[in-house]
Amino acid sequence: MNPARLLALVVSGLVAGFLGLNLLASLFADGVRLDLTEGRLYQLSPGTIEVINRLEEPITLNFYYSRGAAARYPALRAYGARVRELLRGVAARSGGRIQLSEIDPQPFSTAEDAAIAAGLEAVPTEDGGQLFFGLAGTNTLDGTRIIAFFDPAEEARLEYEIVRVIAELERARTPVIAIISSLPFAPGQDGRSANPMIDALAQTYDVRWLDERFSAIPDADALFLLHPPNLTEEQLYLVDQHVLRRGRVFVSIDPLAHLALRTGPDGLPPVNALRTSRLPRLLSRWGIGYDPTYTAMDREHGLPVQVNEAGRTRTRAYPLWFSVPPSGLSGTMPATAALSQGVNFGSPGIVQHLGGEADFTVLAATGQEGARIDSDIAATSPSPDVLQRDYIPDSNAPLALAARLSGPVSTAFPDGPPTGDIRFEASQHLAGPADAEIIVIADADWLDPAFYLRADGAGGEQMVADNLALMLNLADALAGDPALVNLRSRTGSARPMLRVEALRSEAETRFRELQDALRAELSDAEGSLARLSAAGEASTLGGAAPASAARAEALRERIVAARAALRDVERGFRREIVALESRLQFWTIWVPPLLVIGLAILTTLLRRRRRP
């Protein structure tokens, strides 16, 4: 056989083998995947598997994806591949109970009409077209659920969003959450709330609001008290009886709620704004201690705030507003164990265990340097410098900010229902003990989107803390599907350049120390010169003695030199950052291909030397 024919046969054999291998893999190994990514991006979570395994009726998922339009956006195309692989993994795991179809809705096609009718969002493209990138799910009872658009910024919640669609199609009814709150969170006439957390809850639950004069609590799966108003004895009794009857309660109270006091367009806080919330009688009866006269601080994890110092805007850590990192969250409770970014708080209170039969578990706590401050002093918004100067770590730190109480509780009204405007039947009084699941967070500001959302500079928002995930986790734990709790806040595929950030932070710290020293010298010289000028001793023209005039001239030279040195420091910082970026570009962009080229040249040379 001549060489040309042999080569043709070999190539044909390889092509046939490749096609045959793909055919066999698609037939027998469609559900088999090897995930080597660091965050196990393509591995289904136990919660996902639990939801899939309990499916009894078939579910259809239609993945609408405009391939042609998305191809012009590399980031979106990469995310599209990620979504597709996850959907395929879910469908493969279901053993046929989930039917997955991928649809490319072409313009003016029936598929495009179906996507619009399902409620998917069409995003306009630069060439005037439309891009669909969403999911529509249906069950055998014609129930429908959708993901209007897969936002790449929400990648950490991708698996949760997909499984939520499946879980909602699978369950028989929508759980009910009743909410009592003094905060302006109730939805308006358009059905949307001023708070994204409430909107997120309303997507999954039947949320029912109780006004401040409520005289009954609906038969809800869970009761949420979000910075509640000052409740009457009768209303406290209604809450007490709900706990004994249904047992699922979430409480968010605050000794200093900045969110409630936020000024409106008229420059004033809302009428009847409530700075402090509490639940007298109930908390202590449940075994939870809470003193609203104290507020917690944590200088170790203070959030950055902008302050004006000597006419310059600077960033300082603020101990009253701080983050609780994953190490400060309970690792045993599903609602907090999977949170990877931590939770941000704003001047929270402190809770403690007062004893009792129910189990008390701390869900979130300050660091080892946690401290407490009088709430009235905290309400004056002291500066970061004042807080740091007077900071004394508490001997009982870490201080508990949130806790879960699980187990038997008894009524806080052992003598029966109170008398008042609301009439209660004494025969229906529940005294307990009854099993309850109560979660208390001593803060209301963690509900504020300003504490967990940040503008990303491109018109969107970036999630910088797990506050929203925590709220949805708590709702699932108390009223919804516990299998969904661990699905939120999974690691995204994007990897931050931690080394670069660390080097940048190190350089900033070094230059900031120099700046502080120079500014102190500048401030001292300017102060001395101002005093000489005020006394008329800064110039011989004003009658000053030669010695005083010489001292004033020396101070002016110091000021000029200090300002020049400050400019040099700032220029030096920029030069160092630029040099750092240049070095990183060299090592990450140029070195790898140069190594490959060098290796290829070396291999070629070695082969030539071995030839006879």
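How many residues does helix α4 have, and how far does the helix reach from its first C-alpha to its last? In this predicted model, in which local features need pLDDT of at least 70, side-chain atom pairs count only at pLDDT 80 or more and totals for chains, interfaces and linings use all residues, helix α4 (residues 74-93) has 20 residues and reaches 29 Å between those two atoms, close to the 28 Å expected at 1.5 Å a residue. The expected span of a helix is defined as 1.5 Å times one less than its number of residues. Residues are numbered from 1 along each chain as its sequence is written, and side-chain values use heavy atoms, with hydrogens and water left out.

The protein has 16 helices and 21 strands, where helices (H or I, at least four residues) and strands (E, at least two) are DSSP runs numbered from the N terminus. Buried residues make up 43% of the 612 residues; buried means under 20% relative accessible area, exposed over 50%, and partly exposed in between, with a 1.4 Å probe and protein chains only. The accessible surface, computed by the Shrake-Rupley method with a 1.4 Å probe, comes to about 32600 Å², of which 54% belongs to carbon and sulfur atoms. Among contacts (heavy atoms within 4.5 Å) between residues at least 6 apart in sequence, 74% join residues at least 24 apart.

Within α4, the buried residues are L76, Y79, G80, R82, V83, R84, L86, L87, G89, V90 and A91. These buried residues pack against helices α2 (46-53), α3 (67-70) and α6 (158-170), and also against strands β1 (59-65), β2 (98-103) and β4 (130-139). The helix is followed by G95, whose phi is positive, near 65°. One of the elements that cover α4, helix α6, contains E159, which counts as buried because its relative accessibility is 4%. A polar atom of the E159 side chain lies 2.9 Å from the backbone nitrogen of S45.

An open sheet of seven strands, with mixed pairing, has the order β7-β6-β8-β9-β19-β18-β16; two strands are taken to pair if DSSP finds at least two bridges between them. Its edge strands are β7 and β16 (359-365), each of which pairs on one side only. The twist averages 20° from one strand to the next, with axes fitted as lines to C-alpha atoms, for helices over the stretch in contact, and angles running from 0 to 180 degrees between N-to-C directions. Strands β9 (residues 248-252) and β19 (residues 434-441) run parallel and are joined by five bridges, and R248 stands opposite E437 in β19.

Helix α7 packs on this sheet, touching β6, β7 and β8, and its direction makes about 130° with that of β7. M197, I198, D199, A200, L201 and T204 are the buried residues of α7 (residues 196-204), and their cover includes α6, β6 (176-181), β7 (206-210), β8 (222-226) and α14 (467-478). Helix α14, in turn, lies across β6, β8, β9 and β19, and runs at about 155° to β9.

Several loops carry particular backbone features. A cis peptide bond, with omega about 5°, joins A397 and P398, and P398 lies in the loop between α13 (384-389) and β18 (400-409). Phi is positive in R281, near 80°, although this residue is other than glycine; R281 is placed in the loop between α9 (258-261) and α10 (282-286) and is partly exposed, with a relative accessible area of 37%. S381, likewise not a glycine, has a positive phi of about 55° and is located in the loop between α12 (375-378) and α13.

D291 occupies the loop between β10 (288-290) and β11 (294-298), and counts as partly exposed because its relative accessible area is 36%. The side chains of D291 and T293 are joined by a polar contact of 2.6 Å, a term that denotes a pair of N or O atoms within 3.5 Å, of which, within protein, one must be able to donate a hydrogen and the other to accept it, while residues adjacent in sequence count only if both atoms are side-chain atoms. From C-alpha to C-alpha, D291 and P255 are 8.0 Å apart in space, at a sequence separation of 36 residues. In helix α16 (residues 546-610), where A561 is found, this alanine is partly exposed at 44% relative accessibility, and the C-alpha atoms of A561 and L522, residues 39 apart in sequence, are 8.9 Å apart.
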